[in-house]
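Please keep the sequence and the structure at hand while reading.

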Amino acid sequence: MAFFVESRSPKRVTVFDTTLRDGEQTPGVSFTLEQKLDIARLLSEIGVHTIEAGFPSSSEQEKETVATIAAEGLSASICGLSRSRKADVDTCLDCGVDMVHVFIPTSDIQRENTIKKSREEVIAMTGEIVAYVRDHLGSCMFSAMDATRTDTPYLINVLRTAVDAGATVVNIPDTVGVFTPKKMHDLIGLLAEEIKVPIDIHCHNDFGLAVANTTTAVEAGARQVQVTVNGIGERAGNADIAQTVMVLEAVHGIQTGIETTRLVEMSRLVSRYSGIPIVPVQPVVGDNAFAHESGIHSHGIIANTQTFEPGIMTPEMVGHRRRLALGKHVGRHAVRQMLSIVHINPTDVQLDEIVDRIKTISSKGKRVTDHDLYVIAEDVMDIQAVTKAVELLDIAVMCGNHSIPTASVRAFVNGVEKVASAIGNGPVDAAVNAVLNVMPVAVSLKEFRIEAITGGTDALGHVTITVEDPQGRTYDASSSGDDIVLASAEAMINAINLLEYTRKTP
């Protein structure tokens, strides 16, 4: 279903991903060569058309990385960034890239304060550098840096010079994120009439408008979008690939060629490597993107998922899962649905008591996990809701300033005693890794959170854990105690017991 497609909008756009270049310019982010290769491979697998692998002239290490990615034989074209210097272009060419992306500042404020060149000199440099690239390579992207703060007649003059010199695509960057969708629509609409090569759009997110400006540019005639995974990049970042692709595909009916069912996978990989967590409310890929807590919303979702979801974008389309969440706004229908999954069927009176307890806990600012729900149901209904597949017998941890933190665990797993050990970055990490080594089913730790319940050196801590099974289902559990290592191990075991019980329930 497409709500609106403007006559000037293309039926298909290409996706240019700059996670490995602009994304890595995020303060505090630095990918290793192996991590860059992993990201590049997955970007290519999901259908990204061009990957900007880096800025080879910035360092020998960066040059080696770009050359390595270019030699991978990926389906995506590999691009290297270059200033308007022949030496930079030569370095890109030495890497074996498929495209060279050259840029030059065109706004007065950047031109005068960074490269200190006149308007006429910029025009001359543009023609010379683009022609030099085309003398050696079939593809050249030209960027008029800070295009949205460049007066339009001069911008058109620069772009025409680049096209006449052989630029195969021109990029319009909103370098400091100051444009609004209306202004973007007007500018790209004008340029689409004036410039006879594909227009690429690169938007920054300083005012939170990067995705809106990018998709509006496509409506007005842009044929390629520049994006990063999770929107990482300079300052407030860039247009996010998942949001941009889903707006184009689901809202506008414009094809991108991206395998959307792997967007969550892509997002999580880059989050892990960058160290920047995905906030729960992140559109498309965040944990809460398809989560429902409110009683009214949950009731509607149980009846028909399109009541409180877009419908044109489902969790399955992006590799996500729908879930009902517990909190102080939860309703009876959601709680009954969650309990019915494991064949717990309270009476109406018991259900009211369970819901009241959940709301009481949540109103104190505490998170109620799936495991908490079943514990509450056990108490109210006087039953054993979840049988224990794993029972912790013993845990020992050794750590010190001159030793590698090591933990050993002894536990009953489905009635059989098992022993395992593991190392970690600290005692908690080692303990959790050891517990994972005795688990009856492979799981991944998706979230780990520690909160102090009381103050002081003997404070009680509350550990909340989320694990994910091989099918992508998530399970929440928690534990509290004054020994945070033991509480972490117990929280993990609670989550595993919940997973095992749900998995074995018909």
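What follows treats the salt bridges and then the nonpolar cores.

This is a predicted model, in which local features need pLDDT of at least 70 and side-chain atom pairs count only at pLDDT 80 or more, while totals for chains, interfaces and linings use all residues. Residues are numbered from 1 along each chain as its sequence is written, and side-chain values use heavy atoms, with hydrogens and water left out.

**Salt bridges**

Side chains of opposite charge can pair when their charged atoms come close. The structure holds 28 salt bridges, a salt bridge being a side-chain nitrogen of Lys or Arg within 4 Å of a carboxyl oxygen of Asp or Glu.

| Pair | N to O distance |
|---|---|
| E24 and K36 | 3.0 Å |
| E309 and R322 | 2.8 Å |
| R332 and D352 | 2.6 Å |

The side chains of E24 and K36 meet in a salt bridge, and because E24 lies in the loop between β1 (14-17) and α1 (33-45) while K36 belongs to helix α1, the pair ties together parts that are 12 residues apart in sequence. Helices (H or I, at least four residues) and strands (E, at least two) are DSSP runs, numbered from the N terminus. E24 is buried, with a relative accessible area of 16%, and K36 is buried as well, at 1%; buried means under 20% relative accessible area, exposed over 50%, and partly exposed in between (1.4 Å probe, protein chains only).

E309 forms a salt bridge with R322, and as both residues lie in the loop between α11 (295-303) and β10 (323-324), the pair ties together parts that are 13 residues apart in sequence. E309 counts as buried at 9% relative accessibility, whereas R322 is partly exposed at 27%.

R332 forms a salt bridge with D352, and this pair links helix α12 (residues 332-340) to helix α13 (residues 348-363) across 20 residues. R332 is partly exposed at 33% relative accessibility, and D352 is partly exposed at 35%.

Elsewhere, D108, R111, E112, R119 and D151 are linked in a network of salt bridges.

**Nonpolar cores**

A nonpolar core is a set of buried Ala, Val, Leu, Ile, Met, Phe, Trp, Tyr and Cys residues joined through side-chain atoms within 4.5 Å. The largest such core has 86 residues, and those with the most contacts inside it are F142 and I188. Apart from this core lies another, of 52 residues, among them L326, V432, A491 and M492.
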